[in-house]
Amino acid sequence: MTHRHDRALKVAALARVEGEGAMHVRVEHGNVVDVRLEIYEPPRFFEAFLRGRSYTEPPDITARICGICPVAYQLSACRAIENACGVEIGGPIADLRRLLYCGEWISSHALHIYLLHAPDFLGFPGVVEMARHHRTVVERGLALKKSGNAIMELVGGRAIHPVNVRIGGFYRAPRHAELRALASETLRPALDDALATVQWAAGFEFPDFTIQHELLALADPGRYPIDRGTPHTTRGGSFAVSAFEEHVIEEQVPHSTALHARLAGRGNYLTGPLARYGLNHGALSPLAKQAARAAGLDGRCDNPFRSVLVRAVELVYALDEALTLIDAYEPPTPSYVDVRPRAGTGYGATEAPRGVLFHRYTLDEHGTIVSARIVPPTSQNQASIEADLRRYVDARLHLDDERLTAECEQAIRNYDPCISCATHFLELTVERR
Amino acid sequence: MKPSVVVIGIGNPYRRDDGVGPAVVELLRAKDLPGVTLVESDGETAALIALWQRRRLAILVDAVRADPPHPGRIHRLVVPRPAAERARAASSHGMDLGDAVELARELDRLPGRLVIFAIEAADTGFGPGLTAAVEAAAARVADEIVAEVTVSLRALSARAGVA
């Protein structure tokens with residue numbers, strides 16, 4: 001163990017987050033003086049790339065921003081463009097979209113819980129070593145992930161960058177029999193696996209660490225928010241999606257090409273599973289609520305390490321909801337609403353697995369995109385992640401560099417940062433002077 | 001039942017040369033290869049394992065960074081191989097191709113034969129389109145894959161004929 005007050009060390013790439021980026025921690029005279037999450041943002045490139053394109057193209061183009069949450073990008077884009085064109089999609093098309101989105105939640109949460117996060121709690125450097133000792137558990141995680149992919153393949157046309165989504169709905173609606181077979185052969189067993197996941201994760205040991213950030217999530221009356229909703233915060237009430245940019249202010253910071261988000265007049269905040277659960281746990285299905293209670297979660301979860309449990313509860317919810325949607329499914333005919341372009345600006349927000357994903361598009365009268373704005377969840381959380389990490393490191397300066405770095409990595413993984421949405425390379429540096 | 005051969009092109013076509021895997025798959029689509037699954041992938045571990053498990057032959061095409069770089073240089077790896085030959089993929093994800101191979105090995109989910117074509121990238125910045133050297137390499141790799149797949153399918157059908 002080192003007892004130096006001023007230390008500097010450099011560690012290679014931070015593993016097991018979605019993508020790559022850079023985290024830099026500076027310690028001087030025994031005090032944490034700087035914590036920076038360095039980000040280079042693809043959405044900014046895509047915003048420029050979208051200008052001059054047709055209003056029909058963003059679902060396919062923005063799906064490429066992230067391999068883990070393409071549906072989130074597609075459906076935020078659809079909602080924003082339909083809003084610009086004065087169309088609100090409801091009924092069976094909206095239900096089918098929600099089902100597709102459930103597939104993405106299942107796939108993304110299973111990936112994060114089993115392949116990325118669980119090794120931290122079980123003391124393994126990664127999932128390969130974990131599989132050596134917990135083969136059945138890893139098999140269960142892969143089966144869960146596959147069940148989410150199966151929904152995306154059937155409803156979205158394929159699991160990676162689904163091709164069946166279009167403005168107004170779908171190119172083709174799946175047949176009832178196809179969905180029923182998916183439900184009985186794949187999703188019902190997966191729901192049992194999801195319940196087992198909650199039980200398993202409830203047995204992890206969680207470091208004692210709590211956060212007090214303001215939370216931001218969508219709220220969708222009567223149900224847990226996924227594919228639509230109105231932004232709500234724990235302190236500030238609610239605001240319309242169209243007012244998102246008045247309430248969420250993005251600022252340049254010197255160390256990052258990403259913008260730091262804060263709530264106007266209040267400061268940094270957190271979006272994602274902890275926020276969704278804190279603001280909407282009452283809207284979970286009875287089965288998901290029961291699983292949450294059994295796992296010891298009450299109305300609000302303030303420990304980011306326990307976010308793995310919240311994700312597991314959301315996994316139960318997404319499977320339960322998918323089965324409910326399939327039970328009630330009637331193929332929409334036609335499978336899309338004809339959306340005619342008109343000049344104007346539209347706004348759309350959905351709950352990506354990692355939090356609120358906002359899109360805004362301005363179209364001219366021919367439907368050509370004049371401007372585009374995309375605010376992904378990871379860059380919204382960036383300031384809060386930095387603030388949390390600063391406190392977390394401050395309380396652990398007695399650890400040697402290797403241990404401290406490992407614990408920082410685990411702390412960052414709590415937020416499941418989708419760096420492929422928000423950054424290019426992630427590398428962790430701890431510098432002590 | 002799954003076709004016995006899959007070709008997986010890993011990468012993002014909006015990140016210049018990172019899109020070489022999907023570009024090779026696109027070239028192969030024009031070549032009419034019956035009995036072969038052609039698929040694009042972002043290289044995510046669980047998805048890769050699901051794609052290649054229970055296949056006789058899986059061929060992966062991915063972009064790699066090298067130092068010093070020789071853009072367009074092609075590396076052909078056959079798994080299993082000594083760890084020294086493991087190339088780190090130019091992926092935007094936290095777990096790389098090597099992790100996917102090792103996890104699949106641990107779970108007995110490797111295909112019968114796994115061949116990786118790794119093409120050295122020049123530019124993985126934002127935007128569509130390959131650089132000239134990588135585009136030329138993509139065409140060479142597509143031809144090599146056609147040859148490899150043809151031999152493999154012939155061997156499989158001969159074996160089926162004997163059986």
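## Threonine 362 of chain A

The side chain of T362(A) makes a polar contact with the side chain of T345(A), at 2.8 Å; a polar contact is a pair of N or O atoms within 3.5 Å, where within protein one must be able to donate a hydrogen and the other to accept it, and residues adjacent in sequence count only if both atoms are side-chain atoms. T362(A) lies in strand β13 (residues 355-363) of chain A. Helices (H or I, at least four residues) and strands (E, at least two) are DSSP runs, numbered from the N terminus. Setting aside neighbours within four places in sequence, T362(A) is in contact (heavy atoms within 4.5 Å) with G344(A), T345(A), T368(A), I369(A), V370(A) and S371(A).

## Basis of the model

This is a predicted model, in which local features need pLDDT of at least 70 and side-chain atom pairs count only at pLDDT 80 or more, while totals for chains, interfaces and linings use all residues. Residues are numbered from 1 along each chain as its sequence is written, chains are lettered from A and ligands numbered from 1 in the order in which they are written, and side-chain values use heavy atoms, with hydrogens and water left out.

## Chain A overall

Chain A has 14 helices and 15 strands. Of its 433 residues, 64% are buried, that is, under 20% relative accessible area with a 1.4 Å probe, protein chains only.

## Strand β1 of chain B

Six of the six residues of strand β1 (residues 5-10) of chain B are buried, so this strand is largely enclosed by the rest of the structure. V5(B), V7(B) and G9(B) point one way from β1(B), whereas V6(B), I8(B) and I10(B) point the other way. In a regular strand, side chains alternate between the two faces of the sheet.

Strand β1(B) runs parallel to strand β2 (residues 36-41) of chain B, to which six bridges join it; strands pair if DSSP finds at least two bridges between them. Within this pairing, V5(B) has V36(B) as its bridge partner. Five bridges join β1(B) to strand β3 (residues 57-64) of chain B, also in parallel, and G9(B) stands opposite V61(B) there.

## Nonpolar cores

A nonpolar core is a set of buried Ala, Val, Leu, Ile, Met, Phe, Trp, Tyr and Cys residues joined through side-chain atoms within 4.5 Å. The largest has 148 residues, and those with the most contacts inside it are L99(A), L115(A), Y361(A), L389(A), W52(B) and L103(B). Helix α4 (residues 91-122) of chain A gives the most to this core, with 16 residues. A second, separate core of 25 residues includes V5(B), V7(B), L57(B) and I145(B).

Notes: Buried < 20%, exposed > 50% of the residue type's maximum accessible area, 1.4 Å probe, protein only.
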